[in-house]
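Student: Could you help me learn how to read a model like this one, step by step?

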Amino acid sequence: MSNSAKADAVLALHRFGMGPRPGSIAAIGGDPRSALIAELDRPLALPAASSLPSSAKAYRTVADANARRTARAKQAQQQAKKQQMASASGASGDQAQAQPEGQAQGYAQEKDAVEMAAKQAADAIPDPGRPIYLQEAKLRTEAALSADIGFAERLVWFWSNHFCISANKIQSMSGAYEREAVRANALGRFVDLLQTVESHPAMLFYLDNLESMGANSTAGINRNRGLNENIAREIMELHTLGVRTGYSQDDVISFANVMTGWTLVPPGANPQHGGEFTFNPRLHEPGGQTVLGKRYEQDDAEQGRAVLRDLAAHPATATHVATKLARHFVADEPPPVLVEQMAKAFRDTDGDLKQVAIVMVSSDDAWRAPPLKLKRPGEWVIGMVRATGITAVDPVRYTGGQELLGEALWRPSAPKGYPDDEASWIDGVGRRLDVANNFAERISGMADPQAIIEDVFASQIASEVKQAVGRAESRQQALALLFMSADFQRR
Amino acid sequence: MGVVNHPPTRRELLVGSGALFAWSQMPRIARAEGRDPRLLVIVLRGALDGLGAVAPVGDPDWISLRGDRALVLDGKPPALPLDAFFALNPAMPNLHRLYKSGKAAIVHAVATPYRERSHFDGQDVLESGFTKPGATASGWLNRALLSLEGGGRVDPRGSRALGIGSVTPLVVRGSAPVMTWVPQKLLPASEDTQSRLLDLYQHTDPKLATVLQARMKLASLSGAPGRGDPMSDDPTLAPPGIARVRAYFAEAAGTAARYLAKPDGPRVGAMGFVGWDTHIAEGVASGQLYNLLGALDGAFAAIESNMGEAWRETAVAVVTEFGRTARINGTQGTDHGTGTVAFLIGGGLAGGRVIADWPGLKPAQLFEDRDLKPTTDLRAVLKGLLRDHLRVEERVLADVIFPGSADIKPMGGLVG
């Protein structure tokens, strides 16, 4: 294998994959483009996912636990109050009158004791959402660590961030959402991905659609409630068309009306289907709506599906998606030619996302851009670990590390997801040193920095880095310098 | 085999999850006057409901607008009276105290020039200082730092903006380098490793070298702030409850204040707090907005006490990208709106008043029949602070800090 072929393979692994791991350069061989495309034909499903609950099941499990916590707390509260009343009836009333302040203090203490008892009783039932989150995190991360190249996994990560939800709001479903909605459609058609994501209970929950109801719907009238614009705005602004692409406040309101009734089956009422998507006509704003100049007269969930179909087919969506993909994989300011090639592929194939990905890696412009793109923390951590050949993850450590680095798994602070530009992340590079240094310390007994450079990177590392690694005072220091080098940080 | 380190501690998580701040050298002109002013900017991300924070209880249309969700003087708990017309959310007793002692001012019906309703574009405008979204190369605070001549205490090229957390907010991005403060809970890399890495970066990647240098410089400026903090380590990663939000706000703001207070520390900083996007069950008097405002109020107290002597030369500007709908939406929350409030606190302020050209709340008086109409340009407030507190020149304010704002005159009299 020539040096330039090796260099191409390393670039392919960094730019489009999860980073080089032992054996991956040889596996790519002399034709990285074909190897990337071939990876897209393999199944994306997580083999071990059958052991994990569906999103609805996870949601029901947490809802059940919460209900039991509430009940236990109430019981404990009542018991504590009874005890206090029993002991108070023996106390002297005169004394209490003489010391009104002391009495008030006594009440406060009693109240605290009651609350404490309630809290203790509730805490005796652990929150099942957290272990589910950790299991999901483990599976997803190990898939990234063990993928040959990791192009398909990168696409899953990209779409998961594009259609992000937050585990801060809906922890139980966060991992299952990615599997069921994103992973299942990341190499399919954009419209299918969009329909699945927007009708997924996790998204409806995250963007406040469960309680949104038409002002003239049965429930809206009876309960004197109404619309919430959140999901409609974010679908147009973030998920499809992009901001400032011509939709108006009226379009947002009409689309929000269209989306009323998209909700989930209440978990308490239905042990089989609780937490699954349902269309509830009682919440739905009656009548036709006009979105982006087109009239939608359907009176059920088909109305929303029709709007989503049209949003998916809108040319602004093709441009938005192509730009974001090219920015994520290639450069903060992606080559316009590449963006247009990808947007055209999106338009010509009715949003076939696999074809868009193939067009990207087949374009010379995607390869010509200099390797200056700063990796996001998650990608960088995976690259670091892959280089050592480790494929198993302690999810508590991993998710904790992601949080420290500012990219907590499935917990972005806003529906826009994590940013993809250097300016957002570069100042956190100092933080990465703490992580790299610590990781280097932990693995210095088993990982040889020279072997990583020669075997994993086929010596395709800057000579200055080789020199610094060679001169390091310890194996730990050598590993830390290697992981922190621009060859690891940028692609 | 684990991937990363040890379970993060509570303190690290709190600080790592979204607040940031920034700083630079001390302004020379102000120093020549024998002053040593501090300016801290707090960005509330998500759009604060200004009417939920500071209620126009004297407006005859107030109750009809918000019904039983309206803050009122005889509510439970009662709103805190500011003057004959406005009352403060009861979650903010500290702010009320500061206001009563003249150390806080409130600007109402205020907005940036942005008139759409995208958070992200709105924050771009708020933080970039430009009139339109899309100009995201630098923030107004960073440009203000550049415009101030250094007082010789720190080489201007060595001046730094500082961030807590890992994503740098736009308001401090730009040509003046940004420095990130990070809690030192992880075993830090040795100084030797750091200098070797710096040497490597200097030969291969100047941008990474700048970042690392900033971090090393900051570490040497002082011991890690927060040392001796009574907060215990908590390895759980549960979603933040309000207690943790409160602790986080106080910790982040308090850390910023400790840095700003140092004799050899920075003089200008910025940080962000998330969570203000109250679409559902806004909870103005007991729920989420009440809790968030309470946490913000706690942050004010942390700033005041950690500033120490420097408090009397401090100004803190609390701003948000836009307001929320004047009416409650269908889910007991509010959707994206326009006019809102800005809080100004600090020992250096001439406060004790609500500054507002009140637009009224009748349907026709609302912006697009839905939002509080903005009658004061936020840039006038910020320009007033930058001019009178830091002594940024008016011409520079109009051309460079807030380009195209020559018609927006700096608001006078904010600083005592």
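**A covered helix**

Tutor: Among the elements that cover the buried residues of α13(A) are α10 (190–198), α14 (249–259) and α15 (301–313) of chain A. This is a predicted model, in which local features need pLDDT of at least 70 and side-chain atom pairs count only at pLDDT 80 or more, while totals for chains, interfaces and linings use all residues. Residues are numbered from 1 along each chain as its sequence is written, and chains are lettered from A and ligands numbered from 1 in the order in which they are written.

Student: Why is helix α13 of chain A described as largely enclosed?

Tutor: A residue is buried if 20 or more other C-beta atoms, placed from the backbone, lie within 10 Å of its own, exposed if 12 or fewer do, and partly exposed in between. In helix α13 (residues 230–239) of chain A, 10 of the 10 residues are buried, so the rest of the structure largely encloses this helix; among them are I231(A), R233(A) and E237(A).

Student: How many helices and strands does chain A have?

Tutor: Helices (H or I, at least four residues) and strands (E, at least two) are DSSP runs, numbered from the N terminus. Chain A has 27 helices and four strands, and 53% of its 491 residues count as buried.

Student: What average pLDDT does chain A have?

Tutor: The pLDDT is the predictor's confidence in each residue, from 0 to 100. Chain A averages 92, with 96% of the residues scoring at least 70, but over residues 92–98 of chain A the pLDDT is below 50. Where pLDDT is low, the predicted coordinates should not be read in detail.

Conventions
Contact = placed C-beta atoms within 7 Å.
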